[in-house]
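The sequence and structure are shown first.

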Amino acid sequence: MKVVANAFDRLWADCQGDVMAAVASVGASGWWILGPQVSAFEKELGRHCRLPHAVGCANGMDAIEIALRAAGIAPGSKVLTTPLSAFATTLAILRAGAEPVFADVDEHGLLDPQAAEAALAAYPEIRALLPVHLFGHLADTPRFAEMARKAGAVLIEDAAQAIGATRNGVSTGEFGLATCLSFYPTKNLGAMGDGGALVTGDEGIRRRAMTLRNYGQSEKYIHTELGMNSRLDELQAAVLKDAFLPKLTRWTDERRTIARTYLDKISSAHVTCVPGPDPVGSVWHLFPVLVAASRRTAFADYLQSKGVQANLHYPVVIPDQEAITRRGSPTVHGSLDRARKFATCEVSLPIHPYLTDGEVAYVVDVVNGWTG
Ligand SMILES: *Cc1c(COP(=O)(O)O)cnc(C)c1O
């Protein structure tokens, strides 16, 4: 049996009719960039996230840069973030001209509130907190919002992996000044290409983000900022709105059902699941497990030999990446022991919504057959 990490062929078989209808309607409209489809998708997305505003962007990384800049993060500011994420999180901070400060993660792989508190005390010039809802697990946003308020900083949520997640009743985007989403195809809500958005309850952030994504243009040919070209196009917006967003709740339910099965049935003494702080509210973008660092490669090879496609999230912590160290010593507060543990011990099992019950049972059997 082959169990892949993402089954785009099954997605296509399920959604082809809706996608083709969306494409046809954009084609016939004769309007292909920043038009009625983007506006309508932004409305639907805001409704889905229970926030008044959404602003479509070209991708998730740009959404983070735009959110930071819209929130007033200027060159020279410091931004507190996690060393364990997609590189794009930190790259967006640097693209905004700011300097990342890294603090360790907690046992769930999420930015640790205590480590963040210590970093804030050490670097009072931190102007923004940028936690990441890694794996689909929500970081502790009420605590980060409170910390940010006391420090005169803002909270921006990187929710590229966590659209629709909750944590003990708190929702993605509820506490952040702005919350950033990616529609990279593998994400829980993926486009057929690149796409991203920020969602916000703040009208000023919305207005500035709309300007920044379109050359800093506040009205036609009037440029009030040095903006970007980071527009979501009509085709992606229409496909997201008409074909994929209507399925997101069902897809998330599927992911949660699979996660529940893995959590119930994986019983190998050599494999530890990472259920996160709220396994029911998580949207399970990934299903991380931890194995002994010395056996991680062997475990990944074993899965591959059984036809189970596994990935690593993430094998190198961001401050150790060559692109970062080449700039000089990164700003790291405290030890990164827990982040490094994920970097050396983590393996992600397949958890996409088109997995069959038989495939899920097979993955459980294969994992439980691992003897360490
Ligand atoms: C995917 C991802 C991003 C970047 O999104 P893109 O659309 O690929 O630019 C940022 N942060 C996290 C946590 C991600 O998973």
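## The largest cavity

The residues that line the largest cavity comprise ten nonpolar, five polar and two charged ones. The model under discussion is a predicted one. The lining of this cavity amounts to 17 residues, and those nearest the cavity centre are Phe8, Leu11, Pro185, Lys187 and Pro353. Two elements each give two or more residues to this lining, namely helix H1 (8-29) and H9.

The volume of the largest cavity is about 180 Å³. The count of cavities of 30 Å³ or more comes to three.

## The largest pocket

Which space does the ligand take? The ligand takes the space of the largest pocket. This pocket has a volume of about 590 Å³, and its lining consists of 33 residues. Nearest the centre of the pocket lie Gln161, Tyr184, Thr186, Lys187 and His285.

The elements that give two or more residues to the lining of the largest pocket are the helices H3 and H4, together with strand S8 (178-182) and strand S15 (346-349). Sorted by class, the lining of the largest pocket holds 15 nonpolar, 14 polar and four charged residues.

## The ligand and its surroundings

The ligand is surrounded by 14 residues, of which Gly60, Met61, Asp158, Ser182 and Lys187 are the closest. The shell divides by class into five nonpolar, seven polar and two charged residues.

For glycine 60, a backbone N or O atom lies 2.8 Å from a ligand oxygen. Methionine 61 likewise has a polar backbone atom 2.8 Å from an oxygen atom of the ligand. In serine 182, an N or O atom of the side chain is 2.7 Å from an oxygen atom of the ligand. On its own the ligand has 380 Å² of accessible area, and the protein covers 88% of that area. Helix H3 (60-70) and helix H4 (87-95) are the elements that give two or more residues to the shell around the ligand.

## The second largest pocket

The volume of the second largest pocket is about 360 Å³. Its lining is made up of 18 residues, with His48, Arg50, Gly164, Ala165 and Thr166 closest to the centre. Helix H2 (36-49) and helix H9 (248-265) are the elements that give two or more residues to this lining.

Which element gives the most to the lining of the second largest pocket? That element is H9, with five residues. H9 also gives two or more residues to the lining of the largest cavity. By class, the second largest pocket is lined by six nonpolar, eight polar and four charged residues.

## Two details of the backbone

Most peptide bonds are trans, and most residues other than glycine have a negative phi. The peptide bond that runs from histidine 313 to tyrosine 314 is cis, and its omega is near 0°. Tyrosine 314 is found in the loop between helix H10 (296-305) and helix H11 (322-325).

Asparagine 168 is a residue other than glycine with a positive phi, near 45°. Asparagine 168 belongs to the loop between strand S6 (166-167) and strand S7 (170-171).

Note on methods
Residues numbered from 1 in each chain as written. Predicted model: local features only at pLDDT ≥ 70, side-chain atom pairs only at ≥ 80, totals over all residues. Heavy atoms only, no water. Near = heavy atom within 4 Å. Polar contact = N/O pair within 3.5 Å; in protein donor to acceptor, adjacent residues only side chain to side chain. Areas by Shrake-Rupley, 256 points an atom, 1.4 Å probe, with all protein chains shown as cover. 1 Å grid on protein atoms, 1.4 Å probe; cavity = no way out; pocket = protein on both sides within 12 Å on 5 of 7 lines; lining within 4 Å. Sits in = over half its atoms within 2 Å of the grid points. Helix = DSSP H or I, 4+ residues; strand = E, 2+ residues; numbered from the N terminus. Nonpolar A, V, L, I, M, F, W, Y, C, P; charged D, E, K, R; others polar. Points joined across faces, edges and corners; volume = space filled by probe spheres on them.
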